[in-house]
Amino acid sequence: MRHTLDVAVGPPVVHDDERHRYEMDLGDGVAVAEYLPVPGGVVFTHTVVPAAHEGRGMGSRLVGAALADARWRGWTVQARCWFVADFLRLHRQYADVQDP
């Protein structure tokens with residue numbers, strides 16, 4: 001099942017729970033944050049932003065929306081992806097969802 005998350009500005013983020021990933025269609029490519037489901041939460045394993053959109057904040061918007069969705073669902077989050085790990089380190093407002 002796919003559902004669109006509420007994102008205030010820019011392309012919407014879609015949660016595709018069958019493929020275990022969050023997606024953002026950028027028109028000429030799709031940014032993706034992939035995860036593995038685990039009891040009570042998820043492990044983020046890989047994040048990709050098309051090269052033409054790197055450095056423009058798309059990955060941060062994608063991961064921020066994914067973490068907000070995880071919080072809403074009551075999930076804990078583990079980061080095995082360097083991008084998600086760095087995002088969590090820099091954005092302490094998501095510390096409540098991070099699984100130590």
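## Packing of H1 and H2

In this predicted model, helix H1 (58-73) and helix H2 (82-90) pack at an angle of about 75°, with their axes 11 Å apart; axes here are lines fitted to C-alpha atoms over the stretch in contact, and angles run from 0 to 180 degrees between N-to-C directions. H1 is therefore roughly perpendicular to H2, a label that covers angles of 65 to 115 degrees. Helices (H or I, at least four residues) and strands (E, at least two) are DSSP runs numbered from the N terminus.

Gly 59, Ser 60, Val 63, Gly 64 and Leu 67 of H1 meet Phe 83, Val 84, Phe 87 and Leu 88 of H2, where contact means heavy atoms within 4.5 Å.

## The largest nonpolar core

The largest nonpolar core has 24 residues, of which Tyr 22, Met 24, Phe 44, Leu 62, Leu 67 and Val 77 touch the most other members; such a core is a set of buried Ala, Val, Leu, Ile, Met, Phe, Trp, Tyr and Cys residues joined through side-chain atoms within 4.5 Å. H1 supplies the largest share of this core, seven residues.

## Val 77

Val 77, found in strand E6 (residues 76-79), counts as buried because its relative accessibility is 0%, the limit being under 20% relative accessible area with a 1.4 Å probe and protein chains only. Leaving aside neighbours within four places in sequence, its contacts include Phe 44, Leu 67 and Leu 88.

## Basis of the values

Residues are numbered from 1 along each chain as its sequence is written, and side-chain values use heavy atoms, without hydrogens or water. As the model is predicted, local features need pLDDT of at least 70 and side-chain atom pairs count only at pLDDT 80 or more, whereas totals for chains, interfaces and linings use all residues.

How values were computed
Buried means under 20% relative accessible area, exposed over 50%, partly exposed in between (1.4 Å probe, protein chains only). Angles under 35 degrees count as roughly parallel, over 145 as roughly antiparallel, 65 to 115 as roughly perpendicular and the rest as oblique.
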